[in-house]
Amino acid sequence: MTQLAGSAAAFVAARDVGMLATANAAGMPSVVPVCYAWDGTDLWIALDAKPKQVSDPLRLRRVRDIQARPQVALAVHDYLAGAWAQLAHVLIRGEAHIVMPGAESHTAAVELLRAKYPEYRAMPIDARPAIAIRPAHVTAWGAVAERAMRPATLEAVIPGRRSVRRFSDREVARDQVERILDAARWFPSPHGCQLWRFAVLTRPETKAHLAQAMGVEWQATLAQDGESPAVVAQRMEVSRERIRSAPVLIVPCLYLADLDPYPDSERQAAETTMAVQSLGAAIQNMLLSAYQAGLDMGWMCAPLFCQTVVQAALDLPVGWLPQALLPLGYAAADPKHRPRRPLDELVRWDD
Ligand SMILES: Cc1cc2nc3c(=O)[nH]c(=O)nc-3n(C[C@H](O)[C@H](O)[C@H](O)COP(=O)(O)O)c2cc1C
């Protein structure tokens with residue numbers, strides 16, 4: 001490929017750091033991590049005021065190298081420990097040149113860099129030279145297209161995640177599911193006693209059986225609430241379909257046998273609340289881990305309302321108390337993010 005385009009361009013634009021390789025006149029190579037922005041034609045690197053060994057940006061080794069030998073390479077990659085099917089790497093080779101402040105392209109690049117890296121808004125990068133790289137040869141390797149859809153850092157994964165309610169029929173590899181379950185283990189738990197257990201459903205007949213069993217219970221509840229038979233039938237079908245069509249279902253359960261016993265019911269109830277809080281945190285770990293790995297998850301609370309039905313349908317071990325259903329797969333479409341209240345509505349400081 002000679003162009004930086006398509007999924008390779010999207011992947012590079014969605015990452016924050018690349019490794020810039022230059023060489024001096026004698027061919028001695030150097031590599032430095034750099035922040036960059038892509039304007040569709042050139043990749044731009046600011047010569048910013050992060051701590052450097054020299055204060056004059058034109059004395060930097062990378063600048064002297066480029067002036068002597070403009071051929072450079074920029075490597076951008078994603079590494080997800082334990083998920084090597086998701087490794088991705090883009091190598092861009094091209095010619096670099098130094099652009100001085102005042103040039104129109106420099107002004108536009110500074111805007112792009114400041115939009116991508118808020119730290120640059122307080123730095124005088126508009127008054128300093130920048131490096132522009134024009135790609136001449138691009139190599140993309142691995143899951144670049146998939147990784148382009150997901151951010152690389154936790155700061156971006158947290159607001160990126162969203163509940164998914166409809167999935168494509170693409171299968172989910174077992175090691176992907178294991179990786180997500182493993183993420184759940186690392187959340188805090190009261191007294192460290194890890195009061196969670198997880199049932200995992202992948203077989204169509206198990207999912208259909210669960211959907212059927214929960215449906216019978218729910219149907220009775222809706223009828224009791226006075227819903228019309230047509231509404232009941234429609235809501236039942238939507239719910240059954242959500243359960244049956246999810247490629248994988250995780251049923252997070254509380255397991256309270258290891259909870260500290262108290263003589264009074266008030267403290268016992270507080271202990272149980274702690275366990276519930278902890279399970280919520282474990283679920284959130286799974287949601288973030290799935291999203292980062294390119295998968296999608298939802299959250300259905302229905303098992304809370306029919307615990308014994310779920311226990312019986314899945315033949316769960318004694319003491320496993322089902323709390324939710326987490327459908328896992330690849331989203332059928334990209335759902336919208338639900339808006340969030342501003343922080344000042346939610347937070348009270350002591351000043
Ligand atoms: C305890 C809990 C129970 C939930 N139960 C359901 C549910 O039964 N059905 C559903 O579609 N979403 C359910 N959700 C998902 C919320 O609707 C969703 O998180 C919320 O609307 C915010 O959207 P987001 O997750 O896309 O950011 C549940 C979320 C939580 C935390």
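Which residue in β5 does M19 stand opposite? In this predicted model, local features need pLDDT of at least 70, side-chain atom pairs count only at pLDDT 80 or more, and totals for chains, interfaces and linings use all residues. Residues are numbered from 1 along each chain as its sequence is written, and side-chain values use heavy atoms, with hydrogens and water left out.

The residue facing M19 is A75 in β5. Strand β5 covers residues 71–78 and pairs with β1 in the antiparallel sense over 3 bridges. Here strands (E, at least two residues) and helices (H or I, at least four residues) are DSSP runs, numbered from the N terminus, and two strands pair if DSSP finds at least two bridges between them. Strands of a sheet pair through backbone hydrogen bonds, either parallel or antiparallel.

Strand β1, residues 17–23, also pairs with β2, again in the antiparallel sense, over 7 bridges. Within this pairing T22 stands opposite S30 of β2. The hairpin of β1 and β2 has 5 residues between the strands, and G27 takes a positive phi near 90° there.

These strands belong to an open sheet of 7 strands with antiparallel pairing, in the order β2-β1-β5-β6-β7-β4-β3. Its edge strands, each pairing on one side only, are β2 (29–35) and β3 (37–38). Further along the order, β6 (residues 88–99) and β7 (residues 130–142) run antiparallel and are joined by 12 bridges. There R93 has H137 in β7 as its bridge partner.

Helix α3, residues 104–116, lies across β3, β4 (43–46), β6 and β7. Contact in this sense means heavy atoms within 4.5 Å. The helix runs at about 80° to β4, where axes are lines fitted to C-alpha atoms, for helices over the stretch in contact, and angles run from 0 to 180 degrees between N-to-C directions.

A backbone N or O atom of C301 lies 2.9 Å from a ligand oxygen atom. Taken alone, the ligand exposes 620 Å², of which the protein buries 65%; accessible areas come from the Shrake-Rupley method with a 1.4 Å probe.

Technical notes. Polar contact = N/O pair within 3.5 Å; in protein donor to acceptor, adjacent residues only side chain to side chain.
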